[in-house]
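Here is a friendly walk through the model shown below. Please keep the sequence and the 3D view side by side as you read.

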Amino acid sequence: MSRSGINGTVSAMSRAILIVMIVMIALLPAGMAWGQLTEEDLAAIPAGPQPIKFSHKIHATDNEIPCEYCHIYARRSLVSGAPPVAICMGCHKFIATGLSEVQKVAKYWQEKKPIPWVKIHDVPDFVRFPHFRHVRAQNEVFPNGVPCQTCHGPIETMHVVEKFYPDFGEMGWCLDCHLTIPGSIERKMAIPVKAGSSVLKNAKGPKGYHRPNLTDCLTCHK
Ligand code: HEC
Ligand code: HEC
Ligand code: HEC
Ligand code: HEC
Ligand code: HEC
């Protein structure tokens, strides 16, 4: 009697563990097929400037992990920042744990150290670039935010991240885009025009209020 009682408890527990594991795997992004890569595959990937060979192609394309699964701050903060190591470990506690490059990730995690990623895309500190305002933009030109690729290029095809647009981050590059947004220049011209003019209407955002002047020096320089 008591024996089968214990067995019942044990199997109930392992059933619970099994269910937890199935749920965890079900929550992972679709398309994931780990256990494919060998050390030889990794050796064939070009070495970039980073402390760990991290491939966007393997994560974002081969395993279909969405950009914002890792880049959690891209739509929330002034700076997008590097993904927290905790996000990596959410998967790499049990995915590809045998790979040497993945073991490096686990080592930073155990030592509670951030991974010293080298920054590739950069604008000088005297420039104000609110990352989230772009990812969350809503206007006639970008109704659902500016896509990552519009500024960073096809990151999902790269083993090693590099700047795709040579003039990335230059003042002319910013302005080329800001000038395509209706109202950015008209608003300035509309000031002497009487209220209610169509020029002034075009200068309004989807919610009705005036859009900040995207070509004003003070929008990007304080
Ligand atoms: C309007 C252009 C634009 C869009 C859209 C954009 N970025 Fe950026 N991103 C930049 C610029 C400019 C920088 C450099 C910012 C700096 O140095 O302060 C940057 C920097 C970064 C960085 C480096 C860390 C940092 O914050 O400096 C990451 C990571 C990043 N972007 C990821 C993304 C992702 C993911 C998306 C889509 C969800 C995205 N970006 C969309 C322009 C853009
Ligand atoms: C959603 C799950 C998931 C997350 C989150 C994740 N990875 Fe991975 N990672 C994978 C899968 C799947 C593979 C491929 C394993 C295979 O096929 O053997 C992989 C492979 C790797 C590899 C070996 C291939 C390569 O890219 O060089 C490294 C290194 C790696 N991951 C580092 C990281 C780092 C660093 C982070 C955090 C920024 C991270 N991973 C976040 C799922 C994930
Ligand atoms: C599995 C996690 C993960 C996913 C998914 C992911 N990234 Fe990244 N991303 C990283 C890590 C780690 C770095 C820093 C190392 C590097 O540059 O490769 C990085 C770096 C970047 C950078 C360069 C940052 C800099 O220093 O300038 C950009 C831009 C970027 N990612 C955009 C994207 C975009 C766009 C997508 C979707 C197509 C994406 N990432 C998907 C983890 C991820
Ligand atoms: C591909 C298009 C694109 C590029 C490139 C771009 N921006 Fe923007 N920017 C936008 C959009 C769209 C908005 C949001 C406008 C709105 O609210 O409708 C915006 C908003 C802003 C704002 C917020 C204005 C405010 O106060 O509300 C600042 C600041 C800004 N951008 C600076 C920059 C800088 C600096 C660069 C270059 C490093 C840059 N942008 C590159 C499209 C772009
Ligand atoms: C949409 C954003 C944006 C607007 C609007 C803008 N700038 Fe800039 N500006 C930048 C960026 C980004 C840089 C850094 C370029 C680089 O490092 O190549 C810059 C650099 C500069 C520099 C330094 C040049 C150097 O290389 O030392 C000056 C001066 C400057 N801007 C003046 C202005 C003036 C004056 C205006 C208004 C007529 C203006 N900016 C409007 C984004 C902007």
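## Around ligand 2

The shell around ligand 2 divides into 20 nonpolar, seven polar and two charged residues. In this classification, Ala, Val, Leu, Ile, Met, Phe, Trp, Tyr, Cys and Pro are nonpolar, Asp, Glu, Lys and Arg are charged, and the others, Gly among them, are polar. Altogether 29 residues surround ligand 2, and the closest are Leu-37, Ser-55, Cys-88, Cys-91 and Glu-101. Two or more shell residues come from each of α3 (56–62), α5 (85–92) and α6 (100–110). The largest share, five residues, belongs to α5. A residue counts as near a molecule or strand when its C-beta atom, placed from the backbone, lies within 6 Å of it.

The model is a predicted one: local features need pLDDT of at least 70, side-chain atom pairs count only at pLDDT 80 or more, and totals for chains, interfaces and linings use all residues. Residues are numbered from 1 along each chain as its sequence is written, while chains are lettered from A and ligands numbered from 1 in the order in which they are written.

What surrounds ligand 1? Its shell has 20 residues, and the closest are Val-79, Ser-80, Val-146, Cys-148 and Cys-151. The elements that supply two or more of them are α4 (67–70), α7 (131–135) and α8 (148–152). Helix α8 gives the largest share, four residues. Sorted by class, the shell around ligand 1 holds nine nonpolar, nine polar and two charged residues.

Ligand 3 is surrounded by 21 residues, with Cys-67, Cys-70, Ile-120, His-121 and Cys-148 the closest. Here α3, α4 and α8 each give two or more residues to the shell. Its classes are 13 nonpolar, six polar and two charged.

## A closer look at Cys-148

You will find Cys-148 in helix α8. The cut-offs are 20 or more other C-beta atoms within 10 Å of a residue's own for buried, 12 or fewer for exposed, and in between for partly exposed, with C-beta atoms placed from the backbone.

Leaving out residues up to four places away in sequence, Cys-148 touches Cys-67 and Ile-155. Such a contact requires C-beta atoms, placed from the backbone, within 7 Å. The C-alpha atoms of Cys-148 and Ala-74 are separated by 9.3 Å, and these residues are 74 residues apart along the chain.

## The chain as a whole

How many helices and strands does the protein chain have? There are twelve helices and zero strands, where helices (H or I, at least four residues) and strands (E, at least two) are DSSP runs numbered from the N terminus. Of the 222 residues in the protein chain, 8% are buried. Among contacts with a separation of 6 or more, 60% join residues 24 or more positions apart.

## Two positive phi angles

Ala-96 is not a glycine, yet its phi is positive, about 55°. Ala-96 sits in the loop between α5 and α6. With 17 other C-beta atoms within 10 Å, Ala-96 is partly exposed.

Lys-112 also has a positive phi, near 55°, in a residue other than glycine. The loop between α6 and α7 is where Lys-112 lies. Lys-112 counts as exposed because 7 other C-beta atoms are within 10 Å.

Methods. Contact = placed C-beta atoms within 7 Å.
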